[in-house]
Amino acid sequence: MENKQKKNITDRVWDLFSSVKLAVVIFSIIAATSMVGTVLEQNAEPEKNIKIIMKMLRVGHDTAQGLYGFLAQLGFMDMYHAWWFVTLLLLFAANLIICSIDRLPRVWKLAREPIQAMPPELLEKVSVKRSITLKGSAETIKESVRAGLKEIGFSPAEAAVSHGVQFYAQKGNYSRLGVYITHLSILVILAGAIIGLFFGFNAFLNLPEGEQSSVAYKDRGVELPLGFEIRCDNFEVSYYGQSDMPKAYKSWLSVFKNGKKVLQKSIVVNDPLTYEGVTFYQSSFGIIPGSQGKGIIILKAVSADGKAQNIEAKVGDSFLIPGTQITGRILDFSPAISIDATGRYVSYDEQLKNPAVQVAFSGLKDGNYTGWILKRYPQTWQLPSGDRVELVDYWGVEYTGMQVRKDPGVFIVYLGCIFMSIGLFMSFFMSHKRIWVNVSEEKGGTRVVIGASAHRNRAAFEGRVEKLVGILSSGPKGERK
Amino acid sequence: MNSSVFFGLSSLAYILAMILYIAYLAFKNKTVGVTATALTIAGLLSQTAALLIRWKEFAELGNMGLLRGVPLTNLYESLVFFVWCLILAYLVIEFRYKNRSFGAFITPIAGLVLAFIDISGMSKGIQPLVPALQSNWLLAHVMMSFIAYAMFAVSFSTGLMYLIVTTDDRTDAAYIFWTAMLSVFIIVLAAMGIDYLTFKMSVKGQEELIKSYLFKATFRSGSGFVTVLSFAFSAALFFVIWRFGGIMKKIISGVEISADMLDEITYKSIAMGFPIFTLGGLIFGAIWADQAWGKYWTWDPKETWSLITWFFYAFYLHGRLMRGWKGRKVAMVAVLGFLAVIFTYLGVNLLLSGLHSYGAE
Ligand code: HEM
């Protein structure tokens, strides 16, 4: 460009933003600043990051504090939401948009353009060249060229050229657009993220068993109306075998709209509930403070001859095993029972890890019997009389902790992800392939000249051209001379 | 049959193959080369058997069905799978390009990983899945990430080789870069080996490994003398590699590997790895996070480092399009990209903490 000075400012900005160089610079800056953000803990207590700085740089507390103040001022303590990081992302998007607008027309034309016959002299210049001379007549060779091109996936057009006939075809021309689909998909994902930021929310809700709520809570306890009510019917942790290793956290939820139950579903981690665009994710759980001893013990009593009944009771209550004279009186409850060194029963945890009830039974034929019934150990459910009492649950003391999210942008983000996959597949695993085959009669045979090109993965395409040569050489009508 | 017997056999085969490949590169003896290939294939078969057995054991343990019960849930299992992918990718290249000199550069990565597994004493036991990991996306996410990592490991090796064969001026930045990289690799490997020989430890967790053992026999030794000696020794090693790096070039150039071929393999493996990483590592990871935690992206260190890695390779792909960047400069980006991969996988777990539960116990 000779008249560089004459370019106005808009052109210069355009040139800057349409360059790959800027893209590479932005890649580097985003990567470098992001690294800092992973070392410093985001949105953490100041003291935590001061400690990290002290450790990383081996400096004293005061220096670290000063440095912390400086970095905090720059927004590094919540850097992915800092104005300059967001600006970087926007610059990146602008770069991408302008770069694509700048190049798309040319590529679009390349992709749309029908393939033309090529003057035989120019055939020498394409990247893949083969020429063979075959025995058969031009007519039969043409026939096998047609068939051969079909065999390797092309449907050729024909044209008369200076000597002989040319067959030409192209394939995968639209794969040139793959890069642009990939680039567009990034913009779609960013758009989806922005929509989520403006029109969605993130909140949480700790819901005790048996209670319902019409709101969720944002940071600092700000209430957020849901527009419906959600109730936790039950919460339970299940464990692998008889270990304390959790297998699943499960909440049974019901949704009420205008006082009517509209939905009932149990959720576990990785399987949330969605109603009216609001999604509830199982995320934590715990014991309701001050609920000790207030829960309801749910038992299932089964008599020796198979009569079953569910029983709800508290410590101190008595119950009758159906169809028998046997009564049980609940003496004690433990959320997580274990035996200590002296042989006494103790609770080793507040959580319902290994719940158990102690029951005194009377009215048995051979005397009274007192024992602990453990939820996890079926052998403790059996009474000497052949009847059975099973501990089903201790209900009303746990709460389920849920993430509550509404994100109308997530659908768009996923759409962008699909675009990106398609775009990348087109960019890397497909290519624009072109092939020209000249057939001309020569003294004592027919000369076939093949020229071909692929804008990517040339080696693989060369293999196919080789296959074509093979077909022509060994075909029934043509024999290599 | 127990899977650990097969794992042991395959590790042994890979380590022997690594030594033979290096010997082959140095002496170009055909028998040595063929033996190395045969050992690698035998190792791969044995490891495949081991993986299948472990898969079955794991699925039965948690009663999860074969699809969910994929043994790719902790550090140990994923590193082992990485080795498997890497060896497979290497064998494909060996047969495609009919050239086994790459072996001397790719098998040491497998050797390094196997050594790391043993030295760190990480838990090799089968553990049932914690609730967050019980997702169908997990299989796709982890498996594809590791296939991509293996491709990136290949591009790291060929990128490094490219730098070796295209530089000879000792003051050249690219020359200093590759000699430094190679030195660091050798030093880390040696230091971990010395740790292992000194302590023969059995470590409970990674925290403990880092705090009490890693480099304690060398750089972080209680004795100032040993520390200084270690650094002096490292500097000396770097100097030797820097001074005599030209010999590496002669060796590689002597076995009919052209710079263009190295550049092509580097590009091809990134062109394979990048889409697989995008789909499996980033997209499937985001979907999984979305289902498990209700957020597809939270900027936690693991996610952020995956993104940084992704940017490195996007940089590589676009750098090739820039005038003056083809060749050495982008080869350096390919090498650095793999360091980002290592940090994403190990560094984040070992040094930074995050939401991800890999090896947290
Ligand atoms: C992280 C975000 C990006 C991704 C994942 C991405 C992806 C890609 C891919 C896969 C290719 C094909 C590479 C190849 O042929 O080897 C490509 C090419 C290209 N990219 Fe990007 N890109 C990104 C950002 C950008 C940005 C910000 C620009 C702005 C300048 C840009 C400009 C280009 C250009 C000019 C090409 C070459 C197109 C062609 O060959 O016709 N890219 N990109």
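**Exercise 1.** How many bridges join strand β5 to strand β6 of chain A, and do these strands run parallel or antiparallel?

*Solution.* Keep in mind that this is a predicted model. Start by finding β5 at residues 212–217 and β6 at residues 223–239 of chain A. Count the bridges and you get five, with the two strands running antiparallel. For one of the pairs, go to Ala216(A), whose bridge partner in β6(A) is Leu224(A). Now look at the hairpin itself: five residues sit between the strands, and Arg220(A) has a positive phi near 60 degrees.

**Exercise 2.** Follow β6(A) onward to β7(A) and describe how they pair.

*Solution.* First, locate β7 at residues 246–257 of chain A. Next, check the pairing with β6(A): it's antiparallel and covers ten bridges. Within it, Arg231(A) faces Ser254(A) of β7(A). Last, inspect the turn: this hairpin has six residues between its strands, and there Gly241(A) shows a positive phi of about 50 degrees.

**Exercise 3.** In what order do the four strands of the open sheet with β13 in chain A come, and which strands are at the edges?

*Solution.* Walk across the sheet and you'll meet β13-β14-β17-β18 of chain A, paired antiparallel. The edges are β13 (318–320) and β18 (369–374), as each of these pairs on one side only. On average, neighbouring strands here are turned by 30 degrees against each other, ignoring direction. Zoom in on β17 (residues 356–362) of chain A: six bridges tie it to β18(A). One of the pairs there is Phe361(A) with Tyr369(A).

**Exercise 4.** Where does the ligand lie, and which residues are closest to it?

*Solution.* Begin with the place: the ligand is between chains A and B. Then list its surroundings. It has 24 residues around it, and the closest are Cys99(A), His183(A), Arg456(A), Tyr267(B) and His318(B). Sort the shell by class and you find 17 nonpolar, five polar and two charged residues.

Now for the polar atoms:

- The side chain of His183(A) has an N or O atom 2.7 Å from a ligand nitrogen.
- The side chain of Tyr267(B) places an N or O atom 2.9 Å from a ligand oxygen.
- His318(B) has a polar side-chain atom 2.6 Å from a nitrogen of the ligand.

Finally, ask which helices supply at least two shell residues each. From chain A these are α2 (20–39), α5 (83–112), α8 (178–199) and α9 (410–429), and from chain B α9 (259–293) and α10 (301–319).

Definitions and conventions. Residues are numbered from 1 along each chain as its sequence is written. Chains are lettered from A and ligands numbered from 1 in the order in which they are written. This is a predicted model: local features need pLDDT of at least 70, side-chain atom pairs count only at pLDDT 80 or more; totals for chains, interfaces and linings use all residues. Side-chain values use heavy atoms; hydrogens and water are left out. Two strands pair if DSSP finds at least two bridges between them. Axes are lines fitted to C-alpha atoms, for helices over the stretch in contact, and angles run from 0 to 180 degrees between N-to-C directions. A residue is near a molecule or strand if one of its heavy atoms lies within 4 Å of it. A polar contact is a pair of N or O atoms within 3.5 Å; within protein, one must be able to donate a hydrogen and the other to accept it, and residues adjacent in sequence count only if both atoms are side-chain atoms. Ala, Val, Leu, Ile, Met, Phe, Trp, Tyr, Cys and Pro count as nonpolar, Asp, Glu, Lys and Arg as charged, and the others, Gly among them, as polar.
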